[in-house]
Amino acid sequence: GLKHRPAQQEAQLWLARTLIERDNYDAALRFLNGLIQNPKVQTDLLPDIWEAMAYYHIYREDYGEALEPLQQSMLLTKNKQTKARRGFVLAQLFEKVNDGTRAYAAYEAVLKSNPDFTMAFNCRLNMALNAWRAGSGTAQQAFANLEKMAKEDKNTL
């Protein structure tokens, strides 16, 4: 027969996400910390719990605080597409905290995971912009990279 799985923890996770959206941060944090500290937490929920914790910090514009929970989430995430999406957000967070080197590396890691076209294109675009901002690439190099991408068959609409 079907194995019954208690839905309470998943419900608490969704409630925490809803509370974040409604700016009820204290309650959201209580639920998320309660789940993280629960020794009987369902391990398959942990990547999503950590991702929600990162979202909590992003929503509050505490970008530096979101880095660690998002990295925790990625360590535990098995699905390649989900991991790539979270990696892309991680790269954007590194940009937000002015860590261009780690942002570039995070975009590179996403590219290595063979993401869909749109994500790959945005990774390359952001990498070119990062290099230019960091002074390791000129505006001409950034444009040359973008032109090369535009000429590739897979990039034509």
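How many helices and how many strands does the protein chain have? I counted eight helices and zero strands in the protein chain, and I kept in mind throughout that this is a predicted model. Reading along the sequence, I wrote the pattern down as α-α-α-α-α-α-α-α.

Entry on the chain as a whole. I looked up burial and found that buried residues make up 36% of the 157 residues in the protein chain. I then turned to the contacts between residues at least 6 apart in sequence, and noted that 46% of these join residues at least 24 apart.

Entry on the cores. I asked which residues of the largest nonpolar core touch the most other members. That core has 18 residues, and the ones I listed in reply are Leu90, Phe94, Tyr107, Met119 and Cys123. The elements that give two or more residues to this core are α4 (63-76), α5 (80-96), α6 (100-112) and α7 (117-134), and α5 gives the most, with six residues. Apart from this core I found another, of 17 residues, which includes Leu13, Ile20, Ile49 and Trp50.

I then followed Phe94 by itself, leaving aside its neighbours within four places in sequence, and recorded contacts with Leu67, Gln71, Asp99, Arg102, Ala103 and Ala106.

Entry on α4 and α5. At what angle do α4 and α5 pack? I noted an angle of about 160 degrees, with the axes 10 Å apart; as angles over 145 degrees count as roughly antiparallel, α4 and α5 are therefore roughly antiparallel to each other. Their crossing is left-handed. On the α4 side I listed Tyr63, Ala66, Leu67, Leu70, Gln71, Ser73, Met74 and Leu75 as making the contact, and on the α5 side Lys83, Arg86, Gly87, Val89, Leu90, Leu93, Phe94 and Lys96. Sorted by class, the contact of α4 with α5 has ten nonpolar, three polar and three charged residues.

Between these two helices I stopped at Lys78, which lies in the loop between α4 and α5. Is Lys78 buried or exposed? Its relative accessibility is 79%, and as anything over 50% is taken as exposed, Lys78 counts as exposed. I also checked Lys78 against Pro47, which is 31 residues away along the chain, and found their C-alpha atoms separated by 8.9 Å.

Entry on α3 and α5. The crossing in which α3 passes α5 is left-handed. I listed Pro47, Asp48, Glu51 and Ile58 of α3 as making the contact with Arg86, Val89 and Leu93 of α5, and by class this contact has four nonpolar, no polar and three charged residues.

I looked up Asn126, whose place is in helix α7, and found it buried, with a relative accessible area of 14%. Leaving aside its neighbours within four places in sequence, Asn126 is in contact with Phe88, Glu95 and Tyr107. In helix α6 I looked at Lys112, which counts as exposed at 73% relative accessibility. Lys112 and Ala84 are 28 residues apart in sequence, and I noted 9.3 Å between their C-alpha atoms.

Entry on backbone angles. Most residues other than glycine have a negative phi, and with that in mind I looked for exceptions. Asp23, which is not a glycine, has a positive phi of about 65 degrees; its place is in the loop between α1 (8-21) and α2 (25-37), and with a relative accessible area of 48% Asp23 is partly exposed. Asn114 has a positive phi of about 60 degrees, although it is not a glycine either. I placed Asn114 in the loop between α6 and α7, where it counts as exposed at 65% relative accessibility.

Methods
Residues are numbered from 1 along each chain as its sequence is written. This is a predicted model: local features need pLDDT of at least 70, side-chain atom pairs count only at pLDDT 80 or more; totals for chains, interfaces and linings use all residues. Side-chain values use heavy atoms; hydrogens and water are left out. A nonpolar core is a set of buried Ala, Val, Leu, Ile, Met, Phe, Trp, Tyr and Cys residues joined through side-chain atoms within 4.5 Å. Buried means under 20% relative accessible area, exposed over 50%, partly exposed in between (1.4 Å probe, protein chains only). Helices (H or I, at least four residues) and strands (E, at least two) are DSSP runs, numbered from the N terminus. Contact means heavy atoms within 4.5 Å. A crossing is left-handed if the near helix is turned anticlockwise from the far one by less than a right angle, and right-handed if clockwise. Ala, Val, Leu, Ile, Met, Phe, Trp, Tyr, Cys and Pro count as nonpolar, Asp, Glu, Lys and Arg as charged, and the others, Gly among them, as polar. Axes are lines fitted to C-alpha atoms, for helices over the stretch in contact, and angles run from 0 to 180 degrees between N-to-C directions. Angles under 35 degrees count as roughly parallel, over 145 as roughly antiparallel, 65 to 115 as roughly perpendicular and the rest as oblique.
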